[in-house]
Amino acid sequence: MPIGEMSLKKPSVNYKMTKIAILASHNGSGFDTLYKNAKELNISIELLISNNSDSNAIQKAKNRDIENYVVNSKTDDNPDAKIYELIKNKDCTFVYLSGYMKKISEEITNSFKVINSHPALLPKYGGKGMYGHHVHEAVIKNNEKVSGCTLHFVNEVYDDGEIILQKQIPVDADDTAISLESKIKELESQTIVEGFKRCLK
């Protein structure tokens, strides 16, 4: 190369994808969102674990060629230890709870970045028993003017971890728990993608 001539070769960039594990009990709509946006987020969904052998999420994982396991008290003497082992062995950094109905052990919350999406504006309508349609029924019953969803880190207390992102929508006078749930599911997808972008920077 002649003196004074600069190379136009671009420096190498590390595009290593972030490895994520999914925990889901039923349909796993948040799993769908991450899967559809995996390229944009530069993530690799390494495995899906469910406590429910009839979970639709398990079938989705099979259809997508994603490693999947059913782990519960019937399959393992210590389900929490088994879940930890599976996640650790896949070298995952993040764990996303996509409608996972079991409490997460401290070993898991202390070892990985565990994220959950909740269909309400925490701290309102959070805690044990507050999930899915139960949340929306309570919002409607209490005549709330706004609702929304929250993406947050998970600790040892239900729905108590650091909030990553919240989005809200108005509750219309003619809304039912069913119509509100439908609107918030759409909002939740936006929140998951935007919230993960913040966490993955």
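**Aromatic rings**

I counted 3 aromatic pairs in the structure. Rings of Phe, Tyr and Trp (its six-membered ring) pair if their centres lie within 6.5 Å; planes under 30 degrees apart are stacked, over 60 edge-to-face, and the rest tilted. This is a predicted model, in which local features need pLDDT of at least 70 and side-chain atom pairs count only at pLDDT 80 or more, while totals for chains, interfaces and linings use all residues. Residues are numbered from 1 along each chain as its sequence is written, and side-chain values use heavy atoms, with hydrogens and water left out.

I looked up Tyr84 and Phe112 and found a tilted pair, 5.7 Å centre to centre with 50° between the planes. Tyr84 is in helix α4 (residues 79-89) and Phe112 is in the loop between α5 (106-111) and β5 (113-118), so the pair ties together parts 28 residues apart in sequence. Helices (H or I, at least four residues) and strands (E, at least two) are DSSP runs, numbered from the N terminus. Both Tyr84 and Phe112 are buried, meaning under 20% relative accessible area with a 1.4 Å probe, protein chains only.

Next I checked Phe94 and Phe196, which form a tilted pair at 6.1 Å centre to centre and 55° between the planes. Phe94 belongs to strand β4 (residues 94-98) and Phe196 to helix α7 (residues 177-199), 102 residues apart. Phe94 counts as buried because its relative accessibility is 3%; Phe196 is buried at 0%. I also noted that Phe94, Tyr96 and Phe196 make up one aromatic cluster.

Terms used
Buried means under 20% relative accessible area, exposed over 50%, partly exposed in between (1.4 Å probe, protein chains only).
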